[in-house]
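Subject: Structure for your review

Dear colleague,

Please find below the structure that I am handing over to you. A summary of the findings follows it.

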Amino acid sequence: MTAAAKKTTAAAKSAEAKGKETAFQFKDETFVIPAPMDLPDEILDVIEEGAGERAITRAIVGAEQWAKYRALRCTIGEFNEFLEKVTEAAGFGESGN
């Protein structure tokens with residue numbers, strides 16, 4: 001895990017404990033994820049329905065931030081980096097776990 005990822009993880013854990021949102025940088029844009037217990041309930045439906053990582057990520061970041069992400073015209077590899085940042089900020093641990 002990189003130093004930046006460790007910092008994001010620590011920030012996410014701290015935010016979860018305090019009920020605060022977590023912000024992170026991705027491609028010179030700032031994204032803000034609510035504290036885990038403040039995420040919309042609909043995310044549970046998306047997960048329960050067996051949706052993939054992309055749908056879950058879209059549900060976590062919300063429509064406005066998803067549009068900002070899409071405007072960056074990312075590669076699949078960059079999506080994986082974004083996914084890792086989102087899941088860490090949301091308090092879900094490392095992606096794939």
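This is a predicted model: local features need pLDDT of at least 70, side-chain atom pairs count only at pLDDT 80 or more; totals for chains, interfaces and linings use all residues.

Leu44 belongs to helix α2, which covers residues 42–48. The relative accessible area of Leu44 is 53%, so this residue is exposed.

Overall architecture

The protein contains 4 helices and 2 strands. Their order along the sequence is α-β-β-α-α-α. The protein has 97 residues, and 32% of them count as buried. Its accessible surface amounts to about 6,100 Å², with 51% of that area belonging to carbon and sulfur atoms.

The aromatic cluster

One aromatic cluster is formed by Phe24, Phe26, Phe31, Trp66, Tyr69, Phe79 and Phe82. Rings are taken as a pair if their centres lie within 6.5 Å, and planes under 30 degrees apart count as stacked. The protein has 8 aromatic pairs on this basis. In the pair of Phe24 and Phe31, the ring centres are 5.7 Å apart and the planes stand at 20°, so the two rings are stacked. Phe24 and Phe31 are both buried.

Lys68 lies over the face of Phe31, 4.6 Å from the ring centre. Over the ring of Trp66 sits the charged end of Arg58, at 5.6 Å from the centre of that ring.

Phe82 and Thr57

Which residues does Phe82 contact, leaving aside its neighbours within four places in sequence? They are Phe24, Phe26, Phe31, Thr57, Val61, Trp66 and Tyr69. Phe82 lies in helix α4, which spans residues 76–89. With a relative accessible area of 0%, Phe82 is under the 20% limit and therefore counts as buried. Gln25 is 57 residues away from Phe82 along the chain, yet the C-alpha atoms of Phe82 and Gln25 are separated by 9.4 Å.

Thr57, one of the contacts of Phe82, is found in helix α3, residues 53–71. Is Thr57 buried or exposed? Its relative accessibility is 1%, so Thr57 counts as buried. When residues up to four places away in sequence are not counted, Thr57 touches Trp66, Phe79, Phe82, Leu83 and Val86. Among these, Trp66, Phe79 and Phe82 are also members of the aromatic cluster.

The salt bridge

Side chains of opposite charge can pair when their charged atoms come close. How many salt bridges does the protein have? The count comes to 1. In this salt bridge the side chains of Glu78 and Lys27 meet, with 3.3 Å from N to O. Glu78 is in helix α4 and Lys27 is in the loop between β1 and β2, so the pair ties together parts that lie 51 residues apart in sequence. Glu78 has a relative accessibility of 22% and therefore counts as partly exposed. Lys27, at 37% relative accessibility, is likewise partly exposed.

Two loop residues with positive phi

Asp28 has a phi near 65°, which is a positive value in a residue other than glycine. Asp28 is placed in the loop between β1 (22–26) and β2 (29–33), the loop that also holds Lys27. Its relative accessible area is 77%, so Asp28 is exposed.

Arg73 is not a glycine either, and its phi is positive at about 50°. Arg73 is located in the loop between α3 and α4. At 73% relative accessibility, Arg73 counts as exposed.

Yours sincerely

Note on methods:
Residues are numbered from 1 along each chain as its sequence is written. Side-chain values use heavy atoms; hydrogens and water are left out. Buried means under 20% relative accessible area, exposed over 50%, partly exposed in between (1.4 Å probe, protein chains only). Accessible areas come from the Shrake-Rupley method with a 1.4 Å probe; for residues, only the protein chains shown count as cover. Rings of Phe, Tyr and Trp (its six-membered ring) pair if their centres lie within 6.5 Å; planes under 30 degrees apart count as stacked, over 60 as edge-to-face and the rest as tilted. A charge sits over a ring if NZ of Lys or CZ of Arg is within 6 Å of the ring centre and within 35 degrees of the ring normal. Contact means heavy atoms within 4.5 Å. A salt bridge is a side-chain nitrogen of Lys or Arg within 4 Å of a carboxyl oxygen of Asp or Glu.
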